[in-house]
Amino acid sequence: MKFCTVKQYFDDENNNNVTNGIATTVIPLPNKHLKIKANNKEMEQYEQELLRNVMPQELTKLILAANYLNFKEALDFFCRTVANAIQNKSVDYVRKFFGLESDFEPGEEEKLCKEFAWSFEGVDED
Amino acid sequence: MEGGMDFLNCLDPDMSVQILMYLKDPSDLVRVSSVSRSWRDFVIANGLFKQLCLRMFPQLSRVAHVMELNKCGAKEPIEVGSSYSMEWESLARDHRVYATLARVCTSFHPENCISKAISASSTDNYPDESIENTLQSADIVPLPQTAFYWSSKGQKNPAVPETLIYKLKSDFCVITEINICPFEAFFQPGSPIYSAKSVQFRMGHPKSPNDLGCRLMGDPLPSADDTFIWTYTSPEFPMAQENCLQKFTLPEPVLCIGGILQIELLGRVQTQEVDSLFYICISYVQVMGHSLSPALCVEILEPSGTFVLKKDMQGKFHTQPGLPENEAREIPNDQWQRRIRYLQYFVDILRGNANVVEIEEYESGEEEDEAEEEYPL
């Protein structure tokens, strides 16, 4: 049932949503999941490995692919991976991770830092 | 390929919300909103802090809206702005208030939040064995071999429950655990421990705030369910028949809106030898958590039963450990009365007037009471 969309994908030649590279990452996932479903620690290691190998920009594409393929477990997994990647990280790290620039006015960001001073302490080192 | 990495731009909002909702720590969400304007606006527009708080505390589901009080500096718009800007301002306010709430509820030093006892479902030998006695730990009472505890009335049927109701330090507290020490009657043969089989907790607010004002402590409330509205009911925890401070940690921290906490003691396990009736006796109760007032408070609107969450912009939060009990604070009236009772009891012992057991330390040793059964229970 999970793969009816996949079948459709292969049948549909003009498919721009999922490039081949992404497909090779997403499609083996169900087997991987089944194999290591019972073992949480292994899952964590797999997650770490994935994170190291996959560039942030690809994560977004992975999410889109998983969504298009209607593959819920992979979708949850990638979403969680993105969240874990930015957990307890500084604002600059998050910007670098996604390749973003700050578009705040000079005073605005300072104001935010002041109002929520408590959230800027104790972050991981970059 | 710019914009390809910013998932807020590429993914549809639901998915982006799903990603950000994996962030459980409010600090993470604040940092996310500090990345850029569009990220900040996304967090505000989708009410992510409100969603985070609602997930942590389902008790907030009755909050109809939030208010910021004593907001100096920022001028409230006098003229009626466009409905869009009003709505945005409302979302931004939600964002600020819920962020503060999430912050305080995830970083505090737990302390005992009981302010006073309200009532017990039944009391044997009032006032000697009243619920008041559960407010002071045995460590604090310096009198040797004395017993301060609450006792229920005796029952033939062990299934008859009892309830103890307390008022907390403020109307808005976050509670993480409740500690209860059952009483061991050391002066009775076999030192029986009058615990209960299990215990359950409820939190809520009085139906009508004025009801509690003037009634005698000894009278049980007509019906707790008629007097209070409960917004939280805990699971049932088994209780050990042990004379120690038993910790009952709630599965998740809970917001007590209204400042009322009820302990329901289910199932009796111990009979008293002299009358073969089942009793429950508790010597000490602690409710661990943190008061969120005065910086944050909740107003309960009647008759709708909805809440208004208010943040006082000038209110301070105490994230350091609270003052030790009984020190450097204005001592409320009932605590004075309790202390006077203790002192009176102490004086009675010295004069040989009280029924006591084994006070070897005092010269009036010959006044020792002969039979344990005479001890009031």
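A polar contact is a pair of N or O atoms within 3.5 Å; within protein, one atom has to be able to donate a hydrogen and the other to accept it, and residues adjacent in sequence count only if both atoms are side-chain atoms. By that rule, nine residue pairs, both residues at pLDDT 80 or more, are in polar contact between chain A and chain B. This is a predicted model, so local features need pLDDT of at least 70 and side-chain atom pairs count only at pLDDT 80 or more, while totals for chains, interfaces and linings use all residues. Residues are numbered from 1 along each chain as its sequence is written, chains are lettered from A and ligands numbered from 1 in the order in which they are written, and side-chain values use heavy atoms, with hydrogens and water left out.

Chain A on its own has eight helices and zero strands (DSSP runs numbered from the N terminus: H or I of at least four residues for helices, E of at least two for strands). Buried residues (under 20% relative accessible area with a 1.4 Å probe, protein chains only; exposed is over 50% and partly exposed in between) make up 40% of its 126 residues.

Contact here (heavy atoms within 4.5 Å) takes five residues from domain 1 and seven from domain 2. The two domains bury about 580 Å² between them, 70% of it on carbon and sulfur atoms; buried area is the accessible area (1.4 Å probe) that two parts lose on being put together, summed over both. Helix 6 (residues 72-86) of chain A gives the largest share of domain 1's side, three residues.

Now for the two chains. Chain A puts 38 residues into the contact and chain B puts in 30, and the area buried between them is about 3000 Å², with 68% from carbon and sulfur atoms. There are three salt bridges between the chains (a side-chain nitrogen of Lys or Arg within 4 Å of a carboxyl oxygen of Asp or Glu). E108(A) and R40(B) meet in a salt bridge through their side chains, at 3.4 Å from N to O. On the side of chain A that touches chain B, helix 5 (56-68), helix 6, helix 7 (91-98) and helix 8 (106-115) each supply at least two residues, and helix 6 has the largest share, seven residues.
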